[in-house]
Amino acid sequence: MSASERIRPAVQADGAFLADMVVEAANWRPGAARPRHAVLSSEEYGRYVTGWQRPGDAGVVALDDQGEPIGAAWYRLLPRTAPGFGYIATGVPELIIGVRPVWRAHGVGRALLRRLAEVARSEGYGRLSLSVERENHAVTLYRSEGFAVTTPAVGRDTMVKRLR
């Protein structure tokens, strides 16, 4: 990510953009795009944005040099009764990240991950979790940023980063 791009805290008004980033995250595989409405109306993906910025939600948004959003990373505390893909325990926020395709492999995701880890650490969290499909190239990024596989599943892994 170049010096001309910046990262700011996510606010309640970013809900629609975060929804766009959930769709990007769900459609990481080229040629296998699911329609926006299909992704967001599914409980498994909708849970990451429905009612955005409730207590416990925090995130960051990357902006290009014109101030347009190009990516976001955020976390939610999901309950044991309605866990996300990367749920590991009550009180461990689950991270979600999405970057517009044209900005992938330019350091945006790394910058977002680092800033969100700082936010989580400052809020007193000791770990962050996420889930990633094994074929997703982002696995390399997550590993390089200190995430380790804790729970392998069919085709995907849950990864955790210790913050302290």
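Helices (H or I, at least four residues) and strands (E, at least two) are DSSP runs, numbered from the N terminus. Before we use them, a word on what you're looking at. This is a predicted model, where local features need pLDDT of at least 70 and side-chain atom pairs count only at pLDDT 80 or more, while totals for chains, interfaces and linings use all residues. Residues are numbered from 1 along each chain as its sequence is written, and side-chain values use heavy atoms, with hydrogens and water left out.

Let's start with the whole chain. There are five helices and seven strands in the protein chain, and reading along the sequence gives you β-α-α-α-β-β-β-α-β-α-β-β. The radius of gyration of the chain is 15 Å, close to the 15 Å that the globule rule gives for 164 residues, so the chain is as compact as a globular protein of that length. (That radius is taken over C-alpha atoms, and the globule rule is 2.2 Å times the number of residues to the power 0.38.) The C-alpha trace spans about 40 × 35 × 30 Å along its principal axes.

What about inside and outside? Of the 164 residues, 48% count as buried. Here buried means under 20% relative accessible area, exposed means over 50%, and partly exposed is in between (1.4 Å probe, protein chains only). The chain exposes about 8,300 Å², and carbon and sulfur atoms supply 53% of that; these areas come from the Shrake-Rupley method with a 1.4 Å probe, and for residues only the protein chains shown count as cover.

Now for who touches whom, where contact means heavy atoms within 4.5 Å. Take the contacts between residues at least 6 apart in sequence: 62% of them join residues at least 24 apart. Arg6 and Ala62 are 56 residues apart in sequence, yet their C-alpha atoms are 5.6 Å apart in space. Arg6 itself is partly exposed, at 46% relative accessibility.

Next, the cores. A nonpolar core is a set of buried Ala, Val, Leu, Ile, Met, Phe, Trp, Tyr and Cys residues joined through side-chain atoms within 4.5 Å. The largest one has 27 residues, and those touching the most other members are Leu95, Leu112, Leu128, Tyr142 and Phe147. Strand 2, strand 3 (69-76), strand 4, helix 4, strand 5 (127-133) and helix 5 (138-144) each supply at least two residues of this core. Helix 4 gives the largest share, six residues. Look at Tyr142: leaving out residues up to four places away in sequence, Tyr142 touches Ile97, Leu113, Leu130, Val132, Phe147 and Met159.

Apart from that core lies another, of 19 residues, with Ala19, Val22, Trp52 and Leu78 among them. You'll find Trp52 in the loop between helix 3 and strand 2, and at 6% relative accessibility Trp52 counts as buried. Setting aside neighbours within four places in sequence, the contacts of Trp52 include Ala10, Val11, Leu18, Trp74 and Tyr75. The C-alpha atoms of Trp52 and Ala13 are separated by 8.8 Å, though these two are 39 residues apart along the chain.

Most residues other than glycine have a negative phi. Gln53 isn't a glycine, but its phi is positive, near 75°. Gln53 lies in the loop between helix 3 (43-46) and strand 2 (58-63), and is partly exposed at 33% relative accessible area. Ala105 also has a positive phi, about 65°, without being a glycine. Ala105 sits in the loop between strand 4 and helix 4, and at 86% relative accessibility Ala105 counts as exposed.

Which residues does Arg100 touch, leaving aside its neighbours within four places in sequence? Phe17, Asp20, Met21, Pro69 and Ile70. Arg100 lies in the loop between strand 4 (94-99) and helix 4 (108-122), and is partly exposed, with a relative accessible area of 30%. Between Arg100 and Asp20 there are 8.9 Å from C-alpha to C-alpha, and they are 80 residues apart in sequence.

One last stop is Gly91, in the loop between strand 3 and strand 4. Gly91 counts as partly exposed, at 42% relative accessibility. Beyond neighbours within four places in sequence, Gly91 is in contact with Leu77 and Tyr125.
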